[in-house]
Every structure is written in C-alpha cells, then in structure tokens.
Amino acid sequence: MNMNFALVLPLANEENDFQPFFGHLAAALKPYPDARAYLVLDDVSKDRTMELCREFTAQNPQFIIVFEPANRNVVDAYLRGYREALLHGHDYIIEMDAGYSHDPAAIPQFLAAFEQGFTCVFGSRFIAGGSMEDASLKRRFFSRGGTLLANLLLGTSLKDMTSGYQGFTTEIAAKFASYPLRSTAHFYQTELRYLLRNYKYREIPIHYKTPSPSVRAGAVMNSLETLWYYFVKRATGNSISL
Ligand SMILES: Nc1nc2c(ncn2[C@@H]2O[C@H](COP(=O)(O)OP(=O)(O)O)[C@@H](O)[C@H]2O)c(=O)[nH]1
Ligand SMILES: [Mg+2]
C-alpha cells in the first residue's frame with residue numbers, strides 16, 4: 001500500500017548517529033515510493049551534518065535538503081519543513097527528531113491512525129507500549145512535569161504533551177504553518193497540541209531515547225511564558241484554538 005506522506009526533520013549538529021539513523025529511516029521509507037523526507041538545515045551546524053546530508057541525499061532520492069539560513073530557532077526549522085512539504089502535494093506530514101531519538105518503525109502506526117480518520121497523531125511516551133529511555137532525570141522531569149502542568153493550566157488531557165514525533169493531515173498543517181506560534185524551543189509541540197485540541201486526534205505509543213541531557217534556560221523561560229499566555233487567555237474567556 002503506497003501512501004503519499006512527508007517527513008520533516010530539522011537537523012543541527014547531528015553527525016553522531018547520522019549513518020545508523022538515516023540508514024534505518026531510508027529502509028522504513030522503501031515501501032512508500034511517494035514518501036519524501038525533508039531535511040531542514042541552516043547555519044547552526046558546526047559539525048559535518050551538512051556534508052553528510054549532501055552525500056546521503058545524492059544516494060537517496062526520497063531525501064531532500066531544505067536549506068534555510070533565515071531560521072532563528074528550531075521552531076522556524078520545523079515550520080520551514082512543513083511549508084516545503086505543503087508545496088509538494090503530500091496527504092500527511094510527520095515530524096521527527098533527527099538525532100535517533102525516534103524510531104522509524106513507528107511510521108506505519110502513524111499512517112494507520114490517519115487511515116482511520118484521525119487528523120492529528122501524537123507520539124506518546126506515557127501510554128501503554130511507549131517508553132522514554134536513557135533520559136536524564138532533568139529531562140524526565142520536564143517531560144512529565146510539562147505534561148501535568150500543561151494539562152492543568154490549559155485543560156487538555158493528553159498523556160504526553162511534550163513529545164516530538166507527531167503527524168498531521170496537510171489541512172491541519174496548513175493551519176499552523178501560517179499561525180504565529182509563540183514557542184521558540186521545546187514548548188513548540190505542547191503549543192501545537194493545545195491549539196489543535198478540538199480536532200480528531202489520537203495518541204500512539206512511541207519509544208524515545210538518548211535525548212539531550214538538559215534544556216537551555218532560555219527554552220524553559222519561553223515555555224513558561226507561552227504556557228502563561230495561553231492560560232491567561234483561557235482564564236479570561238478568550239481561549240485560542242486553530
Ligand atoms: N535546522 C535546525 N535544526 C535544529 C535546530 N535546533 C534543533 N534542531 C533539530 O531539531 C530536532 C530537535 O531538537 P533537539 O535539540 O534534538 O531536541 P531534544 O532531542 O528534545 O533535546 C533535532 O533533530 C535537532 O537536530 C536549529 O536551530 N536548526
Ligand atoms: Mg534530539
């Protein structure tokens with residue numbers, strides 16, 4: 001069964017696990033000849049990431065480099081990837097971390113959920129069958145605590161509000177690709193989950209491994225400011241949704 005979907009992968013300094021991860025991902029895309037993976041790059045990488053991407057995309061036509069030096073942060077990079085995917089007539093768009101944190105083996109589960117009619121499919125580490133491995137205590141605290149706090153303040157009820165690895169129909173992606181998101185870092189996925197809460201969504205189990213041990217102070221500040229912004233809107237009867 002061929003399905004026409006896109007993957008969006010922002011990359012910054014990801015030379016370490018590049019070969020094993022992209023080898024695995026290329027094998028996972030083989031059954032889907034119409035699928036494309038958009039690798040979003042900018043000037044942030046100081047290692048061999050760009051060179052590795054050039055070599056890899058030359059050998060693997062399903063993989064395409066999107067170079068965008070205007071990216072100011074990771075959220076710009078994700079959205080640039082979505083905009084690129086939207087130009088190419090795919091039916092679904094799935095975003096992934098490019099540091100081998102996410103398992104390409106989960107892709108068919110995303111596609112199965114889309115086929116069942118879900119328009120937003122969220123990877124979840126905290127439901128049966130999901131896991132978070134090799135994560136520092138700090139990261140576990142941010143992931144679990146962020147989920148609890150977001151659900152409490154925003155009235156959502158997802159088991160995982162802070163995970164990456166999520167996918168959308170292109171109709172949904174077009175909505176947020178043109179929306180001025182307030183996140184500049186890790187809160188991005190939480191912000192999207194909140195804004196899209198009224199669509200038909202499903203959480204599917206994912207495994208998450210070897211994330212960065214820490215989260216920058218600036219990212220934590222941006223998360224709290226964004227959370228507070230939506231909380232105040234909600235508390236004053238001006239809830240925002242897409
Ligand atoms: N192009 C681009 N990619 C980025 C940037 N910052 C992070 N990334 C990538 O975005 C994904 C998620 O970021 P990462 O820092 O790994 O998040 P974490 O795994 O949750 O700590 C990874 O694939 C990174 O390589 C950036 O400024 N530009
Ligand atoms: Mg990562």
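This is a predicted model: local features need pLDDT of at least 70, side-chain atom pairs count only at pLDDT 80 or more; totals for chains, interfaces and linings use all residues.
Me: Let's start with α1. How many residues does α1 have, and how far does it reach?
Reply: Helix α1 covers residues 18–29, so to speak, a run of twelve residues. From its first C-alpha to its last it reaches 16 Å, close to the 16 Å expected at 1.5 Å a residue.

Me: Which residues in α1 are buried?
Reply: Phe 18, Phe 21, Phe 22, Leu 25 and Leu 29 are buried. If you look down the axis of α1, these buried residues fall within an arc of 85°, so they line one face of the helix.

Me: OK, and which exposed residues sit on the face turned away from the buried side?
Reply: That face of α1 carries Gln 19, Pro 20 and Ala 27, which are exposed.

Me: What covers the buried residues of α1?
Reply: The cover includes strand β2 (36–41) and helix α2 (49–59).

Me: Switching to the sheet. How many strands form it, and in what order?
Reply: Seven strands make an open sheet, ordered β3-β2-β1-β4-β7-β5-β8, with mixed pairing. At the edges are β3 (63–67) and β8 (201–205), each pairing on one side only. From one strand to the next, the twist averages 20°.

Me: In what sense do β2 and β3 pair, parallel or antiparallel?
Reply: Parallel, over five bridges. As an example to find in the structure, Leu 39 has Ile 65 in β3 as its bridge partner.

Me: Where is Tyr 100?
Reply: Tyr 100 lies in the loop between β4 (92–95) and α4 (107–115).

Me: And where is Tyr 165?
Reply: Look in the loop between α5 (137–154) and β7 (166–169) for Tyr 165.

Me: Is Tyr 165 buried or exposed?
Reply: Tyr 165 is buried, because it has 25 other C-beta atoms within 10 Å, and the cut-off for buried is 20 or more.

Me: What about Tyr 100, how many other C-beta atoms are within 10 Å?
Reply: Tyr 100 has 19, so it counts as partly exposed.

Notes: Residues are numbered from 1 along each chain as its sequence is written. Chains are lettered from A and ligands numbered from 1 in the order in which they are written. Helices (H or I, at least four residues) and strands (E, at least two) are DSSP runs, numbered from the N terminus. The expected span of a helix is 1.5 Å times one less than its number of residues. A residue is buried if 20 or more other C-beta atoms lie within 10 Å of its own, exposed if 12 or fewer, and partly exposed in between; C-beta atoms are placed from the backbone. The arc is that of the directions from the helix axis to the C-beta atoms. Two residues are in contact if their C-beta atoms, placed from the backbone, lie within 7 Å. Two strands pair if DSSP finds at least two bridges between them. Axes are lines fitted to C-alpha atoms, for helices over the stretch in contact, and angles run from 0 to 180 degrees between N-to-C directions.
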